[in-house]
Amino acid sequence: MQTEGDVLTIGYCKIQSQNDFIREWVPRRALYLKTILADEAPREPIGMCLCGLRMAKWRCQQCFGGRLLCSECCKNAHKFLPFHRIECWNTRYFQVGALWQIGLKIYLGHQGNPCPVTTPSPPETEGASRKSF
Ligand SMILES: [Zn+2]
Ligand SMILES: [Zn+2]
């Protein structure tokens, strides 16, 4: 074992010390900081969601890509991912949010769908069926 400055050599394996890693990182810290801060704001101005119905201002920290979605698309994307953490753009920063805020309900039976027996049918269907009588 031989030491030379901050470099420790064991056999032919060169081990770097913490100071070596810091010296490597210091010239790159501005790039790291810029990258981290760029992720704290939308890459493009907030616009319509891909569905075209609502503004896209929700994003998920765990989903790949970090794209912005409207509340309904975000809710549909997380129907089977209830433990993801979402954020909402409040015009100044991404505020921590929760899936319940966009109306996500977790159904434990019926393969994630509401129970067909206990769930009332949508009003349009009831109205249509009444008209037919
Ligand atoms: Zn949408
Ligand atoms: Zn997600």
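Visitor: In the hairpin of β5 and β6, which residue takes a positive phi?
Guide: This is a predicted model, in which local features need pLDDT of at least 70, side-chain atom pairs count only at pLDDT 80 or more, and totals for chains, interfaces and linings use all residues. Strands are DSSP runs of E with at least two residues, whereas helices are runs of H or I with at least four, and both are numbered from the N terminus. Between the two strands of this hairpin there are four residues. The one with a positive phi, near 75°, is T91.

Visitor: What is the mean pLDDT of the chain?
Guide: Residues are numbered from 1 along each chain as its sequence is written, while chains are lettered from A and ligands numbered from 1 in the order in which they are written. The pLDDT is the predictor's confidence in each residue, on a scale from 0 to 100. It stays under 50 over residues 125–133. In the chain, 80% of the residues reach 70 or more, and the mean is 84.

Visitor: In what pattern do the helices and strands follow one another along the sequence?
Guide: The chain has four helices and six strands. Read along the sequence, they follow the pattern β-β-β-α-α-β-α-β-β-α.

Visitor: Which strands stand at the edges of the open sheet of three strands?
Guide: The order in this sheet is β4-β5-β6, with antiparallel pairing. Two strands pair if DSSP finds at least two bridges between them. Each edge strand has a single partner, so one side of it is left without a neighbour in the sheet. These edge strands are β4 (58–60) and β6 (94–96).

Visitor: By what angle does the sheet twist, on average, from one strand to the next?
Guide: The angle is taken between axes, which are lines fitted to C-alpha atoms (for helices, over the stretch in contact), and runs from 0 to 180 degrees between N-to-C directions. From one strand to the next, the twist averages 35°.

Visitor: Which residue of β6 stands opposite C88?
Guide: Strand β5 covers residues 86–89 and pairs with β4 over three bridges. On that side, W58 stands opposite C88, and C60 stands opposite I86. Strands β5 and β6 also pair over three bridges. There, the residue opposite C88 is Q95.

Visitor: Beyond four places in sequence, with which residues is W89 in contact?
Guide: W89 is also found in strand β5, and its 18 C-beta neighbours inside 10 Å make it partly exposed. Two residues are in contact if their C-beta atoms, placed from the backbone, lie within 7 Å. Leaving aside neighbours within four places, W89 is in contact with P42, I46, K57 and F94.

Visitor: How many residues has the largest nonpolar core?
Guide: A nonpolar core is a set of buried Ala, Val, Leu, Ile, Met, Phe, Trp, Tyr and Cys residues joined through C-beta atoms within 7 Å. Members of the largest one include W58, C60, I86 and L99. Beyond four places in sequence, L99 is in contact with H78, P82, I86 and L104. The number of residues in this core is ten.

How values were computed: Buried ≥ 20, exposed ≤ 12 C-beta atoms within 10 Å, placed from the backbone.
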